[in-house]
Amino acid sequence: METKEKKFTHLEKWQGTLAACIRCGYCFEHCPMFKFTGWESDAPRAKIITAFGLLSGALTPTPEAAEKLFNCFYCKRCEAACSSGVTLTEVFTDAKQDLKEMGFKGPGTTSITQLNCAHCLICVGACPHEARSHGENGIETDPAKCQSCGICVEVCPAGAAKMGNTFGTSRDELTEKANDFLNSHSSAKAIVFACNWSYYPDLQASRLPESETKDNAYEILVNMCGGRLEAQVLMAPFLNNAWGVLVACCPEGDCQHEGNVKAKKRVANLKRTLETVKIDPERIHVVEIPAGDKSLFQAEIDTFVEKLTTLGPIR
Ligand code: SF4
Ligand code: SF4
Ligand code: SF4
């Protein structure tokens with residue numbers, strides 16, 4: 001690919017910050033990207049080392065290096081875990097800006113627009129990071145500004161806005177994972193959707209080995225925001241004999257996208273839908289869990305599964 005010669009003028013200001021990373025690796029277990037691929041090169045620490053290498057000249061900018069930096073959900077879990085207070089996502093944004101100006105393309109986790117775009121411009125107004133615009137080539141996303149929040153995907157009436165790489169968290173992938181679990185475990189009762197942005201990594205870090213988990217009564221599936229769980233995703237498990245669906249979000253006021261408010265409204269609507277087909281509305285439930293409160297999360301799951309056990313399977 002054609003790339004322009006250019007210095008890392010945006011990244012430059014982070015020289016001291018890049019050196020502040022002591023390579024401890026505390027950020028690892030919190031990154032959804034690393035959890036999905038298992039590659040150290042996808043972990044936050046590797047991104048910082050890559051940025052450091054690019055700035056110092058030890059690394060040559062390549063499409064492969066650029067791709068690593070364009071792959072980030074901006075969940076900021078790495079920043080919360082960093083023992084040196086490195087503001088990783090701000091570094092990534094400037095690195096992406098430099099790479100973009102050199103001619104490297106995203107999209108990584110960046111939003112992309114498909115041919116079925118209706119040019120309604122709804123996503124342009126809805127993007128909280130001013131990353132989407134309408135130009136000669138239709139709707140475009142600035143990969144340096146996009147923070148992969150998925151709001152454009154949610155508001156697009158044409159289904160034309162998509163995330164470049166969802167790393168296992170898209171509607172289809174979540175539905176497939178839920179169905180696989182329900183169809184392969186005779187003891188399966190519930191699907192638990194857990195928001196990565198709030199507390200999920202803490203829970204996963206403390207997860208018990210598979211053989212010790214409540215006889216596989218439930219499966220926890222990570223998603224990038226409770227507000228992005230569409231009705232189809234939440235209802236699909238019921239078509240595969242789930243006894244119930246639990247949605248876990250952060251408390252109101254804690255979500256920068258108000259995804260928890262949206263999730264609660266959606267679950268309230270789905271309760272009404274269940275009632276119309278004579279299914280107990282308690283079979284779908286939403287809980288608010290403060291960041292990192294894995295005891296409360298586990299208690300809520302146990303309570304929900306106990307309730308489902310009392311209700312029995314849907315007949
Ligand atoms: S912001 Fe989230 S996705 Fe991006 S590197 Fe940090 S933990 Fe990983
Ligand atoms: S994913 Fe979020 S930040 Fe990126 S273009 Fe869509 S609305 Fe904007
Ligand atoms: S909301 Fe969807 S259909 Fe409308 S302009 Fe954006 S991508 Fe196109």
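How many nonpolar, polar and charged residues does the lining of the largest pocket have? The legends below take up this question and others on a predicted model.

**View 1. The largest pocket and the residues nearest its centre.** This pocket of the predicted model has a volume of about 560 Å³. Its lining is made up of 24 residues. Val153, Lys162, Ser170, Arg171 and Glu230 are those that lie nearest the centre.

**View 2. Classes of residue in the lining of the largest pocket.** Nine residues of this lining are nonpolar, seven are polar and eight are charged.

**View 3. Elements and domains that supply the lining of the largest pocket.** Helix 8 (151–155), strand 4 (161–163) and helix 9 (171–184) each give at least two residues to the lining. The largest share comes from helix 9, with four residues. Domain 2 (111–163) and domain 3 (171–310) each contribute at least three residues to the lining of this pocket.

**View 4. The second largest pocket and the residues nearest its centre.** Here the volume is about 320 Å³, and 19 residues form the lining. Nearest the centre lie Asn137, Gly138, Ile139, Glu140 and Thr141. Two or more lining residues come from each of strand 1 (111–113), strand 2 (132–135) and strand 3 (138–141). Strand 3 provides the largest share, four residues.

**View 5. Classes of residue in the lining of the second largest pocket.** The lining of the second largest pocket has eight polar residues, six nonpolar residues and five charged residues.

Definitions and conventions: Residues are numbered from 1 along each chain as its sequence is written. Chains are lettered from A and ligands numbered from 1 in the order in which they are written. This is a predicted model: local features need pLDDT of at least 70, side-chain atom pairs count only at pLDDT 80 or more; totals for chains, interfaces and linings use all residues. Side-chain values use heavy atoms; hydrogens and water are left out. On a 1 Å grid over the protein atoms alone, a cavity is a set of points where a 1.4 Å probe fits but cannot get out, and a pocket is an open set with protein on both sides within 12 Å along at least five of seven lines; lining residues have an atom within 4 Å of a point. Grid points are joined across faces, edges and corners, and a volume is the space filled by probe spheres set on the points. Ala, Val, Leu, Ile, Met, Phe, Trp, Tyr, Cys and Pro count as nonpolar, Asp, Glu, Lys and Arg as charged, and the others, Gly among them, as polar. Domain bounds come from an automatic or database domain assignment.
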